[in-house]
Amino acid sequence: MPFLIVSWNINSIRLREDLICRLMREFRPDIIGLQECKSPVENIPTEKFKKLGYRFILAAGQKSYNGVAILSKLRIQEVGRLDFANLEQARHVAGELENGVTIHNVYVPAGGDVPDRVQNLKFDQKLNYLTHMTTWFKRHKPKRTILLGDLNIAPREDDVWSHKSLLGVVSHTPIEVEHLENLRSSGDWCDVTRQHIPAGKLYSWWSYRAKDWRAADRGRRLDHIWATSDIAPSVQSSCIMKDVRGWTKPSDHAPVFAHFDL
C-alpha cells in the first residue's frame with residue numbers, strides 16, 4: 001500500500017487552516033501529522049479537511065499551547081496519547097492503520113533558552129521527556145512503526161547553518177544530540193529523510209526574526225520522520241518542502257514528506 005505522509009509544525013491549526021488545505025490540494029498527502037496546533041480538540045476546524053478527504057482525525061489538544069493531530073484519508077484508529085515525563089501537556093498521539101503500521105506523532109518540548117537543566121526547568125523537562133520516550137520505546141520494541149514530529153533537535157552538523165555557532169544553543173547542544181541518539185537507537189529507528197538525502201545542509205525551520213529568512217538561510221532541521229528498520233526500506237523518497245515556508249502568513253517550519261510503499 002503506497003502512501004505519502006507529512007510532518008508539519010503548523011504553529012496554530014486554526015490560524016493556518018487554509019494553508020493546511022492548500023497543502024492538501026497541491027500535494028495530496030494521505031496522512032498529515034501536525035504539531036503545535038494550539039487548540040483544544042473541540043475547537044479544531046475539521047469541516048474543510050473532511051471535504052478534502054481527510055475523514056479520520058486523531059488529536060490531543062490544549063488551549064493556546066502544544067497540541068498534535070493526525071489527519072488521514074486512510075482509516076486509522078487511535079491507540080494512545082502518552083504523557084512522557086508527566087508534563088500534563090498535549091504532545092503525543094498515536095494511531096494504527098489497517099495494514100498494521102503504527103504512527104506516533106510527537107511534539108518534543110523546545111527547552112527554553114538556557115542549555116542548563118539546573119538553571120532552566122524547561123531544558124530539564126525536555127531532556128526528561130526524551131529519556132521517558134526512550135525508556136518507553138525500549139520496553140515496547142516497536143515494529144512496523146513510524147515516528148514523526150517536531151523533535152526540536154537538529155542532530156547533525158549539516159542540520160544547522162553553523163555547527164560552531166550553535167553548539168551552545170538549545171536544539172543543537174551535545175547533550176540534546178546524545179539524548180536524541182539514545183531515542184533513535186531505542187527503537188532501531190531509521191531517519192528516513194537522511195536515508196534519502198545523506199549529505200548536505202538541510203533545514204526545516206527558519207526563525208521569524210530574520211528579515212529575509214531565505215536569503216539569510218540560517219535554518220535548523222528540527223522536524224523528522226523516522227521508521228523502524230523493518231519498514232525503512234519501503235520508503236521510496238523523503239524531502240523537506242522549503243517553499244512552503246514562503247507561503248503567505250506561514251508557520252516558521254516547513255513540512256517534511258516521506259513516500260512509503262508497504
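Trainee: Where is Ser12 found in this structure?

Mentor: In this predicted model, Ser12 sits in the loop that links strand S1 (2-9) to helix H1 (17-27).

Trainee: Is Ser12 buried or exposed, and why?

Mentor: A residue counts as buried when its relative accessible area is under 20%. Ser12 has 13% relative accessibility, and therefore it counts as buried.

Trainee: Which residues is Ser12 in contact with, leaving aside its neighbours within four places in sequence?

Mentor: Ser12 is in contact with Glu36, Cys37 and Lys38.

Trainee: Which strands are joined to S1 by bridges, and in what sense do they run?

Mentor: Strand S14 (residues 256-261) is joined to S1 by six bridges, and the two run antiparallel. Strand S2 (residues 31-35) is joined to S1 by five bridges, and here the two run parallel. Individual residues can be located in each pairing. Ser7 stands opposite Val256 in S14, while Asn9 stands opposite Gln35 in S2.

Trainee: What do S1, H1 and S2 make together?

Mentor: They make a β-α-β unit, and this unit is right-handed.

Trainee: Which residues of H1 are buried, and what covers them?

Mentor: The buried residues of H1 are Glu17, Leu19, Ile20, Cys21, Leu23 and Met24. Their cover includes S1, S2, helix H2 (47-51), strand S4 (68-72) and S14. Just after H1, Arg28 takes a positive phi of about 50 degrees.

Trainee: Which strands pair with S12 or are joined to it by bridges?

Mentor: Strand S8 (residues 145-150) pairs with S12 in the antiparallel sense over five bridges. Within that pairing, Leu148 has Ile225 as its bridge partner in S12. Strand S9 (residues 189-191) is joined to S12 by three bridges and also runs antiparallel to S12. There, Cys190 stands opposite Ala227 in S12.

Trainee: How does one find the empty space in a model?

Mentor: In general, a probe the size of a water molecule is rolled over the atoms, and this shows where empty space is left. In this structure, the largest pocket holds about 1,100 Å³ of space. Its lining has 38 residues, and those nearest the centre are Ala110, Gly112, Asp113, Asn152 and Trp205.

Trainee: Which elements supply at least two residues each to that lining, and how do its residues divide by class?

Mentor: Helix H3 (121-140), strand S10 (205-206) and helix H7 (213-216) each supply at least two residues. By class, the lining of the largest pocket divides into 15 nonpolar, twelve polar and eleven charged residues.

Trainee: What lines the second largest pocket?

Mentor: The second largest pocket, with a volume of about 150 Å³, is lined by Pro155, Arg156, Val177, Leu180, Glu181, Arg184, Asp191 and Trp226. Helix H5 (residues 174-186) gives the largest share of this lining, four residues. The lining of the second largest pocket has four nonpolar, no polar and four charged residues.

Technical notes:
Residues numbered from 1 in each chain as written. Predicted model: local features only at pLDDT ≥ 70, side-chain atom pairs only at ≥ 80, totals over all residues. Heavy atoms only, no water. 1 Å grid on protein atoms, 1.4 Å probe; cavity = no way out; pocket = protein on both sides within 12 Å on 5 of 7 lines; lining within 4 Å. Points joined across faces, edges and corners; volume = space filled by probe spheres on them. Nonpolar A, V, L, I, M, F, W, Y, C, P; charged D, E, K, R; others polar. Buried < 20%, exposed > 50% of the residue type's maximum accessible area, 1.4 Å probe, protein only. Contact = heavy atoms within 4.5 Å. Pairing = 2+ DSSP bridges. Right-handed = clockwise from strand over helix to strand, strands pointing away.
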